[in-house]
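This briefing is meant to be read beside the sequence and the coordinates.

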Amino acid sequence: MYNIDMLKVSNFYKKYKGATRYSAENISFEVPDGKVLGLLGKNGAGKSTTIKSICGIFPFDKGQIIVNGFDVQKQPVKAKATIGYTSDDHSIYEKLGGRECLNFMGSLFGVSKANKEKWIHYYAKKFDIEYALEKQIASYSHGMKQKICLVASLLHQPKLWVLDEPMLGLDPQTKKIVMDYIREYADKGNSVLFSSHDIYTVSQICDYVAIINKGHLVDLIDMKHTIYKKTQDLEKHFMDLTKQSNSDDEPEPEK
């Protein structure tokens, strides 16, 4: 039986040092087990800020984030152990070979040798990177680096799979594979949270859509009971909600 709050974000606030406004302000939403929630917003809306705070990468000012029953601030190690995260910049150990990197990432999450071998083989085949596993990651294309990041995020079979702009740099065939697997992974009882600019992708695979604009959650849509099931209807709704000036985009975090 599924829990109702694999991920629960409550009254979340985040402001970067030196900023005059919050990059995320009073954001609340839940992602139940077995469901996919898409964060939809323009550049600077606060999507990545929210995701990085959920994953424990960024501290935040107010509110609470619970992952699989663990408070991200009070129990960060236990919370992170249940998350699989793929960043929007495809950060990976480029001096390592593909297989070497995946073995290392699996070990960080305590995955046994047998399970590492099983899941590396399974996902390398699914995402078509078997031929590149013995090559140095620095030689990979942008899309290949994205694929190796996706595989690395799944080796420990996380209960919550978090993806920040996962389709960037992927060819159409791989994009379709990733879209299908997001849905498949959730249907196994896991939860998926991803951010995107791609309204078509969001409309096709999400159970819920959270529209974020200028750090605020401006709508939370249950796709099962909505009039925005068609891509063009969701696109119009999104444009209507975010048509204000984009001059005060989210500030960059301090380096």
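Is the crossing of helix 3 and helix 5 left-handed or right-handed? In this predicted model, the crossing of helix 3 and helix 5 is right-handed.

**Packing of helix 3 and helix 5**

- The axes of helix 3, which covers residues 98-108, and helix 5, which covers residues 142-154, come within 9 Å and cross at roughly 30°, which makes helix 3 roughly parallel to helix 5.
- On the side of helix 3 the contact is made by Gly-98, Leu-102 and Met-105, and on the side of helix 5 by Ile-148, Val-151 and Ala-152.

- In soluble globular proteins, nonpolar side chains tend to be buried together.
- The largest nonpolar core holds 47 residues, of which Ile-148, Trp-161, Ile-182, Val-192 and Phe-194 touch the most other members, and helix 5 gives the most to this core, with 7 residues.
- With residues up to four places away in sequence not counted, Ile-182 touches Val-36, Trp-161, Leu-163, Met-167, Val-192, Phe-194 and Ile-205.
- Another core lies apart from the largest one and has 25 residues, among them Met-6, Ala-45, Cys-55 and Ile-65.

**Helix 1 and the residue after it**

- Helix 1, residues 47-54, is largely enclosed by the rest of the structure, because 7 of its 8 residues are buried.
- The buried residues of helix 1 are Lys-47, Thr-49, Thr-50, Ile-51, Lys-52, Ser-53 and Ile-54.
- Just after helix 1, Gly-56 adopts a positive phi of about 80°.

**Gln-146 in helix 5**

- Gln-146 has its place in helix 5, and Gln-146 counts as buried because its relative accessibility is 0%.
- When its neighbours within four places in sequence are left aside, Gln-146 is in contact with Thr-86, Ser-87, His-90, Glu-165, Pro-166, Met-167, Leu-168 and Leu-170.

**Pro-32 in a loop**

- Pro-32 is found in the loop between strand 2 (24-31) and strand 3 (36-40), and at 18% relative accessibility Pro-32 counts as buried, since the cut-off for that class is under 20%.
- Pro-32 and His-225 are 193 residues apart in sequence, and their C-alpha atoms are 16 Å apart in space.

Definitions and conventions
Residues numbered from 1 in each chain as written. Predicted model: local features only at pLDDT ≥ 70, side-chain atom pairs only at ≥ 80, totals over all residues. Heavy atoms only, no water. Axes fitted to C-alpha atoms, helices over the stretch in contact; angles between N-to-C directions. Helix = DSSP H or I, 4+ residues; strand = E, 2+ residues; numbered from the N terminus. Parallel < 35°, antiparallel > 145°, perpendicular 65-115°, else oblique. Left-handed = near helix turned anticlockwise from the far one by under 90°. Contact = heavy atoms within 4.5 Å. Buried < 20%, exposed > 50% of the residue type's maximum accessible area, 1.4 Å probe, protein only. Core = buried A, V, L, I, M, F, W, Y, C linked by side-chain atoms within 4.5 Å.
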